[in-house]
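Trainee: I am new to this structure and would like to go through it with you. May we begin once it is shown?

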Amino acid sequence: MITTDVLIVGSGPAGGAASLFLSTYGVDNIVLTRYGWTANTPRAHITNQRTIELMRDMGIEDQIVDNGTAHELMGQTAFCTSLAGEEIGRIRTWGTHPRRLADYTEASPCLPCDLPQTLFEPILVSTAASRGAQLRFSTEYLSLEQDDDGVTATVRDRLSDTTYQIRAKYLIGADGGRSKVAQDIDLPMAGAMDIEGSMNIVFEADLSRYVAHRPSVLYWVLQPGAQIGGIGAGLVRMVRPWNEWLIVWGYDISQPAPVVDEAMATEIVHNLVGDDTIDVKLKSTSVWSVNHMYAEKTSKGRVFCMGDAIHRHPPSNGLGSNTSIQDAYNLAWKLALVLKGQAAPELLQTYDVERAPIAKQIVDRANKSRNQFGQIFRALGMTPDAPAGRTIESRKDDTPEGATQREELRQAIELKDYEFNAHGVELGQRYKSSAVIEDGTPEPPYERDHELYYHPTTWPGARIPHCWLTRGTDTVSTLDVVGKGRFTLLTGIGGEAWVKAAQSVSEHLGVPIEPYVIGPGRELDDLYGDWARVREIPDEGCLLVRPDAHIAYRSFEQPDDPTDALQQAISALLGRG
Ligand code: FDA
């Protein structure tokens with residue numbers, strides 16, 4: 001029988017990333033996908049800062065950024081009657097507003113970019129394969145059985161139509177929104193599937209003349225009918241600048257799904273572009289449904305689900321593949337430590353505790369964002385509850401009603417910040433679980449809106465704040481110092497006893513911990529003084545950072561016996577208490 005440590009079902013963003021992380025950490029893994037290659041349509045594209053940080057940790061940030069559309073071309077998001085028609089409003093998205101750009105650049109060494117799934121997935125799986133993963137294409141997962149020592153999966157080679165078994169110590173179900181793995185282990189799901197109908201039309205056409213003056217990855221079209229089904233409004237989305245596009249258009253889910261033939265697809269493209277003379281080369285069409293569903297529990301025994309298998313939602317906020325990749329990052333280091341005998345299997349239970357609340361959060365957020373288009377339609381007089389006499393044209397009137405309408409429209413567009421500039425949702429995840437040792441301080445309050453703004457803190461459970469340090473003549477991020485599959489201990493001048501403690505605990509427990517003193521004359525210096533501003537501990541305190549860059553343990557002082565304090569903390573969080 002074929003054996004492996006981790007069997008991953010699915011080679012999408014979740015499965016591909018899980019394989020990349022595990023392979024980089026030296027964990028034997030096999031990836032299955034029922035298809036002959038990776039995604040064949042662009043699907044997800046917004047690649048947020050946190051995801052790029054993870055790729056930076058894997059050493060492949062340059063491949064992501066070089067293949068993606070640059071941040072400065074992402075953000076002049078327009079609301080219009082059609083691309084050629086009247087423009088109703090514009091919002092600077094993904095942190096491109098000068099005011100928000102400061103927030104984004106201060107929070108991370110990386111900026112968002114736009115990378116369609118067709119280009120991202122091959123980078124994930126080919127890098128994973130180059131680091132030791134085994135990939136099995138055209139191979140379908142059929143069923144699983146688990147016992148105390150492992151999981152046996154039955155799979156089918158679709159080329160030869162033969163069925164065989166793979167034995168693994170753990171299995172990851174990254175098999176998408178219709179996950180058979182999640183179903184087979186009876187994960188409890190909340191919410192509803194198929195709440196709206198939608199279609200994707202991918203096509204080639206040179207639309208530069210309609211977008212050159214407002215480069216963006218999203219152009220929202222507000223036409224009669226654009227509110228039916230779908231993701232809130234009609235969407236013309238850039239796939240590759242500026243000649244490959246994807247239109248998202250809704251349909252009434254209570255009716256049979258339309259057959260989107262060439263004539264229908266071309267008509268929709270012409271309507272949304274507002275120009276029926278453009279030459280359209282159709283690449284693909286597909287019909288899909290909008291879901292509002294999340295798993296209340298994400299694992300059972302030795303089987304862990306991630307990605308769309310546990311969060312199913314519309315593409316609003318661009319959270320789909322980002323969250324899928326971040327799920328994988330959360331689980332991978334835990335699996336690596338358990339498989340290497342450095343942590344107890346109980347550590348794996350914290351995957352569920354940490355990621356299930358995020359599944360709920362993003363599913364709710366994405367659906368709320370989809371609904372919030374309603375206020376723009378209302379402001380334009382396109383809903384039954386809009387004030388009488390209001391139309392798109394009436395917003396131009398020199399009347400009190402016209403002024404009210406203009407203000408309502410401005411506010412309705414501003415509300416879309418919660419979809420397009422939700423920096424707190426993208427970057428501000430804080431974990432509470434037994435893999436985080438509380439330090440007795442209350443959770444720091446959010447000084448600004450917690451969804452729109454990221455709040456840096458070293459409160460245990462939060463991601464370590466980014467700031468620039470120096471190492472000789474190099475400038476490095478705090479995020480470059482941590483990660484790489486191992487724990488990191490950070491202290492200041494006067495905290496040298498923590499370094500000795502880290503070395504001794506590392507040796508005693510057999511768990512790699514990289515200690516650093518940050519300060520003048522040391523390997524890392526805080527020349528800008530930014531670390532002193534964000535670290536929230538004095539020089540003699542310490543931060544223990546998990547392999548996924550979240551703070552595991554924080555101390556404000558140096559106790560009498562730092563080795564004992566550190567050993568207790570690490571043993572507790574690794575379940576070796
Ligand atoms: P994903 O669905 O990507 O991958 C599942 C994997 O499992 C595939 O490799 C598949 O072959 C495999 N698999 C499934 N069953 C299997 C079995 N029984 N045996 C073996 N392999 C199996 N998001 C967004 O943010 N913006 C967007 O515009 C879009 N658009 C979009 C369009 C369409 C048509 C779809 C289907 C989805 C989107 N999405 C999207 C959502 C986004 O694509 C999604 O969030 C991520 O792909 C989720 O990644 P996963 O890896 O979890 O699943």
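This is a predicted model: local features need pLDDT of at least 70, side-chain atom pairs count only at pLDDT 80 or more; totals for chains, interfaces and linings use all residues.

Trainee: What average pLDDT does the protein chain have?

Mentor: For the complex, the predictor gives an ipTM of 0.97 and a pTM of 0.98. Within the protein chain, 100% of the residues score at least 70. The average pLDDT of the protein chain is 97.

Trainee: Which residues come nearest to the ligand?

Mentor: There are 33 residues around the ligand. The elements that give two or more residues to this shell are α1 (13-24), β8 (139-146), β15 (281-295) and α9 (320-339). By class, the shell has 11 nonpolar, 16 polar and six charged residues. Those that come nearest are Gly10, Gly12, Gly176, Gly307 and Gly320.

Trainee: How many of the 12 residues of α1 are buried?

Mentor: A residue is buried if 20 or more other C-beta atoms lie within 10 Å of its own. Among the buried residues of α1 are Pro13, Gly16, Phe21 and Thr24. Helix α1 is largely enclosed by the rest of the structure, because the number of its residues that are buried is 12 of the 12.

Trainee: Which residues of α8 are exposed on the face turned away from its buried side?

Mentor: The buried residues of α8 are Ala265, Val269, Leu272 and Val273. They cover an arc of only 95° around the axis, so they lie on the same side of α8. An α-helix has 3.6 residues a turn, so residues three or four places apart point the same way. The face turned away from the buried side of α8 carries the exposed residues Ala263 and Glu267.

Trainee: What is the distance in space between Ile493 and Pro520, C-alpha to C-alpha?

Mentor: Ile493 has its place in the loop between β21 (487-492) and α16 (496-509). With 13 C-beta neighbours inside 10 Å, Ile493 counts as partly exposed. Ile493 and Pro520 are 27 residues apart in sequence, and their C-alpha distance in space is 8.3 Å.

Notes. Residues are numbered from 1 along each chain as its sequence is written. A residue is near a molecule or strand if its C-beta atom, placed from the backbone, lies within 6 Å of it. Helices (H or I, at least four residues) and strands (E, at least two) are DSSP runs, numbered from the N terminus. Ala, Val, Leu, Ile, Met, Phe, Trp, Tyr, Cys and Pro count as nonpolar, Asp, Glu, Lys and Arg as charged, and the others, Gly among them, as polar. pLDDT is the predictor's confidence in each residue, from 0 to 100. The arc is that of the directions from the helix axis to the C-beta atoms.
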